[in-house]
Amino acid sequence: MKESPSHGIGVFAVVDFKRRTKLCQYFGEKISEEEADFRQSKDSSDVIYMFRLNNGDIIDAKNSFCIARRINHRCRDANCFVKENDNRELEVITKRKILAGEELNIDYMMNSEEGKPPIPCFCKSGYCTGSIDYCAKFN
Ligand SMILES: C[S@@+](CC[C@H](N)C(=O)[O-])C[C@H]1O[C@@H](n2cnc3c(N)ncnc32)[C@H](O)[C@@H]1O
Ligand SMILES: [Zn+2]
């Protein structure tokens, strides 16, 4: 982990990874959508450590030691993705071959919070939409 040009701390590959390598789990506290909304409403920060499971529950990694929580967002052409396995765990998997030194990133596919302005994106992808919670723009 080190400082990232996109935001704060990021995660960087120290060795090469093949396409479709399981890198780590995105783990943390499992909470309901209502609890997640409540926590978000109390938190004025733009730094969000939550990932949604298919059943609507949320994994909040804010206070966890999970390295995956430091992986930054990249619009559309991210080199990793998050997949839920049969045990309702979130796994970070490489989307393509990644070379040592590259920053790992995930397309968060987030919706912006109602009443909150979009969070500006600094991913520098050619597909960058300008905000990490761009999904809402197309809803
Ligand atoms: C899971 S954290 C990622 C790790 C974070 N860089 C850190 O230092 O803890 C997610 C937050 O990082 C920020 N972030 C991630 N990717 C970003 C990007 N491409 N541009 C701007 N901010 C980003 C946003 O505030 C987002 O809510
Ligand atoms: Zn972007």
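In this predicted model, the largest nonpolar core holds 25 residues, of which Tyr26, Phe51, Ile59 and Ile71 touch the most other members. Two or more residues of this core come from each of strand S5 (50–52), strand S6 (58–60), strand S8 (80–84) and strand S9 (90–94). In soluble globular proteins, nonpolar side chains tend to be buried together.

**Surroundings of isoleucine 59**
- Once neighbours within four places in sequence are left aside, isoleucine 59 is in contact with Tyr26, Phe27, Gly28, Lys30, Met50, Phe51, Leu53 and Leu90.

**Sheet and helix**
- Three strands form an open sheet in the order S4-S6-S5, and their pairing is antiparallel.
- Strand S4 (29–31) and S5 are the edge strands with a single partner strand each, so one side of each has no neighbour in the sheet.
- From one strand to the next, the twist averages 30°.
- S5 and S6 run antiparallel and are joined by three bridges, and arginine 52 has isoleucine 58 in S6 as its bridge partner.
- Helix H1 (residues 33–42) lies across S4, S5 and S6, and its direction makes an angle of about 45° with S6.

**Overall form**
- The protein has one helix and ten strands, which follow one another along the sequence as β-β-β-β-α-β-β-β-β-β-β.
- The radius of gyration is 15 Å, close to the 14 Å that the globule rule gives for 139 residues, so the protein is as compact as a globular protein of that length.
- The C-alpha trace spans about 40 × 35 × 25 Å along its principal axes, and 25% of the 139 residues count as buried.
- Among contacts between residues at least 6 apart in sequence, 67% join residues at least 24 apart.

Terms used: Residues numbered from 1 in each chain as written. Chains lettered and ligands numbered in written order. Predicted model: local features only at pLDDT ≥ 70, side-chain atom pairs only at ≥ 80, totals over all residues. Helix = DSSP H or I, 4+ residues; strand = E, 2+ residues; numbered from the N terminus. Rg over C-alpha atoms; globule rule 2.2 N^0.38 Å. Buried ≥ 20, exposed ≤ 12 C-beta atoms within 10 Å, placed from the backbone. Contact = placed C-beta atoms within 7 Å. Core = buried A, V, L, I, M, F, W, Y, C linked by C-beta atoms within 7 Å. Pairing = 2+ DSSP bridges. Axes fitted to C-alpha atoms, helices over the stretch in contact; angles between N-to-C directions.
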